[in-house]
Amino acid sequence: MGNHALSYGAKLSRVQVIAAYPITPQTQVVELLSEMCADGELDAQFVKVESEHSALAASIGASAVGARTFTATSAQGLALMHEMIHWAVGARTPVVLGNINRAMAPPWSIWTDQNDSLSERDTGIMQVYCESNQEVQDTVIQAYKVAEKVLLPCMVVLDAFYLSHTYEPVDIPEQKLVDKYLPPFNPPYKLDPKDVHAFGGLTDAKWYYELRYKIESAMNRAREEWKKADDEFGKIFGRRYGLVEDYRCKDADIILITSGTITGTARITVDILRDKGKKVGVLKIRVFRPFPTDKVREMLGGAKKVACIDRNISFGQSGIFFEEIKSALYNSSHRPPIWGYIAGLGGRDVTPETIKEIVKRTEESDRPEDLIWIGLKK
Amino acid sequence: MPNAKKIIWKGVDDMPEMAVSIASMRINKTASWRNLKPIIDYNKCKPCGICWKFCPEPSILLKEDGTPMIDYDYCKGCGICAEECPRNAITMHREER
């Protein structure tokens, strides 16, 4: 299951400290890791804490002494971590955080949508949205590679139940290959009694501005680091994912923008529609922060129409991926019209029929719309 | 004793990536904003250690015989020691700069 893919990703990365608090649908991630620690299969400290806020706080502390650190959560748990996500970014501690996308309450829901992780958009944590359980495991390993290079935390994101609780075969690579890919973590400054420094202390306007610039520079470097990490991963393990992944986009008139598990459904639908002679393609956004602006401009440059499917909403505006795509294209020379669709909130199924309806509506419309609710019961 | 090294930089290109203080607290004295200064009247003090226990910084150091001493390099003048002293041996005085 996707949850165990996260656990194995952490184990293969030889994490040294794990601090987490259970929440559905994340629970099995840390259950398996705690078992691995108890069995001696994984040489790591498992820190039991009383809340998600403490889970990330403990992770930051561990990372500050130079330990490779992992935590995982969902929805309200991630919201409770919010303050500490800012802290992990500001302190430049490359903690990897598995977040299983679960809809925010109320009303209580345990099913998937992306509003939990996307609410952390502006904190400075990197975000990667996964489509399969294999990708989840591989992304954890890649995330440490990139996070420790640029000294920023990274969130590995997967859909509740569609991935977290769904069993599918995952190739678990040999430890020695992962060791070859991922060297031990060695930060330039750490909490060390032999070389004393204070971290994150009061900084007035004289230097705070420059420290924010450093974070943005690191995010900017991370784009290139993700590409490098993915290429190197591909050479060793034979699997590559890209910052974005295109499917039959080259000659497509309509390009669908997707993320997470909706991508697989969209690919199948594109095949069906292509057989009927419709030129449709899919562009999956995998790395959301740093946002792959150049790649998006390059891929969408030739499209006649773009339809963005969002399993999330920024109330009072539109879907969040839609906003991001629009903003990436605004200063670009070619700006295709974009339709914004909201679908699948609270775990509602997004089927090939849903995707077909989106394509049809985009095809028939000659005036782009920002916010279209698909499958709303009237 | 560990070395406390100062990190000096000119701008974004040579400054550390992390928000690491210019120097450790050993160099970075933090009492500069103190407005009220606690003074111990050693005639009244019968070293009980209560001020040492309550000081949140901790800026009260105990000599070997238990006599308290205020570390003015770090004391911020919060006055908790003066409030808690059962013999009123600590009084707060306005800083003169």
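This briefing walks through a sheet and a helix of chain A. Please keep in mind that the model is predicted. The sheet is open, with seven strands and mixed pairing, and helix H8 covers residues 208-237 of chain A. The two topics meet where buried residues of H8(A) pack against strands E5 and E10 of chain A, among other elements.

**The sheet**
- Reading across the sheet in chain A, the strand order is E2-E1-E3-E4-E6-E5-E10.
- At the edges sit strand E2 (45-48) and strand E10 (287-289) of chain A, each of which pairs on one side only.
- On average, neighbouring strands here are turned by 20 degrees against each other, direction ignored.
- For a closer look at one pair, take strand E5 (residues 126-129) and strand E6 (residues 154-159) of chain A, which run in the parallel sense and share four bridges.
- Within that pairing, Tyr129(A) has Val157(A) of E6(A) as its bridge partner.

**Helix H8**
- H8 of chain A has 30 residues and spans 41 Å from its first C-alpha to its last, close to the 44 Å expected at 1.5 Å a residue.
- A bend of about 30 degrees is found in H8(A) at Arg223(A).
- Just after H8(A) comes Gly238(A), with a positive phi of about 75 degrees.

**What H8 packs against**
- Buried residues of H8(A) include Ala218(A), Ala222(A), Ala229(A), Trp226(A) and Phe233(A).
- Glu225(A) and Asp230(A) of H8(A) are buried as well.
- The packing partners of the buried H8(A) residues are E5, helix H6 (133-150), helix H7 (175-181) and E10 of chain A.

Note on methods. Residues are numbered from 1 along each chain as its sequence is written. Chains are lettered from A and ligands numbered from 1 in the order in which they are written. This is a predicted model: local features need pLDDT of at least 70, side-chain atom pairs count only at pLDDT 80 or more; totals for chains, interfaces and linings use all residues. Two strands pair if DSSP finds at least two bridges between them. Axes are lines fitted to C-alpha atoms, for helices over the stretch in contact, and angles run from 0 to 180 degrees between N-to-C directions. The expected span of a helix is 1.5 Å times one less than its number of residues. The bend at a residue is the angle between axes fitted to the seven residues ending there and the seven starting there. A residue is buried if 20 or more other C-beta atoms lie within 10 Å of its own, exposed if 12 or fewer, and partly exposed in between; C-beta atoms are placed from the backbone. Two residues are in contact if their C-beta atoms, placed from the backbone, lie within 7 Å.
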